[in-house]
Amino acid sequence: MVTVSNLIEHEIKRKPLLQEALTQGIVSFSALAEQLQPKIADKLGKEVHVPAIVMALRRHAERLQESSRQKQ
């Protein structure tokens with residue numbers, strides 16, 4: 001089953017610059033969520049609220065930051 005989190009992860013992997021910005025913590029989660037919302041809703045086939053996307057982005061960013069720290 002496809003989830004908001006899966007779709008966010010896929011979108012971030014497709015954009016290395018965005019992935020790097022999330023790793024460094026220099027992205028506005030709300031602004032990014034608003035931008036991604038139509039695409040995520042379309043792929044899921046139902047309405048998706050911006051706060052759900054923000055939470056998925058924050059969790060993904062935490063994983064990226066943790067992974068980055070482990071590599072150093």
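A polar contact, as I use it here, is a pair of N or O atoms within 3.5 Å; within protein, one atom must be able to donate a hydrogen and the other to accept it, and residues adjacent in sequence count only if both atoms are side-chain atoms. I'm working on a predicted model, where local features need pLDDT of at least 70 and side-chain atom pairs count only at pLDDT 80 or more, while totals for chains, interfaces and linings use all residues. Residues are numbered from 1 along each chain as its sequence is written, and side-chain values use heavy atoms, with hydrogens and water left out.

**Entry 1: Thr23 and H2**

I started with Thr23, which is in helix H2 (helices are DSSP runs of H or I, at least four residues, numbered from the N terminus). What does the Thr23 side chain reach? I found the backbone oxygen of Gln19, at 2.9 Å. Thr23 counts as buried, because its relative accessibility is 18% (buried is under 20% relative accessible area, exposed over 50%, partly exposed in between, with a 1.4 Å probe and protein chains only). Setting aside residues up to four places away in sequence, I see Thr23 touching Leu64, Gln65 and Ser68 (contact means heavy atoms within 4.5 Å).

After H2 comes Gly25, with a positive phi near 75 degrees.

**Entry 2: H2 on H4**

Next I looked at the H2/H4 packing: the angle is about 80 degrees and the axes are 8 Å apart. My axes are lines fitted to C-alpha atoms, for helices over the stretch in contact, and angles run from 0 to 180 degrees between N-to-C directions. H2 and H4 are therefore roughly perpendicular to each other (65 to 115 degrees; under 35 is roughly parallel, over 145 roughly antiparallel, the rest oblique). From H2 I noted Gln19, Leu22 and Thr23, and from H4 Ala61, Leu64, Gln65 and Ser68. That contact splits into three nonpolar, four polar and no charged residues. For the classes, Ala, Val, Leu, Ile, Met, Phe, Trp, Tyr, Cys and Pro are nonpolar, Asp, Glu, Lys and Arg are charged, and the others, Gly among them, are polar.

**Entry 3: H1 on H2**

How far apart are the axes of H1 and H2? I get 5 Å, with helix H1 (residues 4-14) and helix H2 (residues 16-24) packing at about 110 degrees. H1 is thus roughly perpendicular to H2. Ile12, Lys13 and Arg14 of H1 meet Pro16, Leu18, Gln19 and Leu22 of H2. By class I have four nonpolar, one polar and two charged residues there.

**Entry 4: Glu11**

Still in helix H1, I looked up Glu11. Is Glu11 buried or exposed? Buried, because its relative accessibility is 1%. The Glu11 side chain makes a polar contact with the side chain of Lys43, at 3.1 Å. Leaving out neighbours within four places in sequence, Glu11 is in contact with Lys39, Ile40 and Lys43.

**Entry 5: H3 on H4**

Helix H3 (residues 29-44) and helix H4 (residues 50-71) have axes that come within 8 Å and cross at roughly 115 degrees. That makes H3 roughly perpendicular to H4. On the H3 side I listed Phe29, Ser30, Leu32, Ala33, Glu34, Leu36, Gln37 and Ile40, and on the H4 side Val50, Ile53, Val54, Leu57, Arg58 and Ala61. By class, the H3/H4 contact holds ten nonpolar, two polar and two charged residues.

Ala61 is in H4 and counts as buried, because its relative accessibility is 2%. Neighbours within four places aside, Ala61 is in contact with Leu22 and Phe29. I also took a C-alpha distance: Ala61 and Asp42, 19 residues apart along the chain, are separated by 23 Å.

Met55, also in H4, is partly exposed, with a relative accessible area of 38%.

**Entry 6: Ser28**

Last stop was Ser28, in the loop between H2 and H3. Ser28 counts as partly exposed, because its relative accessibility is 43%. A polar atom of the Ser28 side chain lies 3.3 Å from the backbone nitrogen of Ala31. Ser28 and Gly45 are 17 residues apart along the chain, and I get 25 Å between their C-alpha atoms.

Note on methods:
Helix = DSSP H or I, 4+ residues; strand = E, 2+ residues; numbered from the N terminus.
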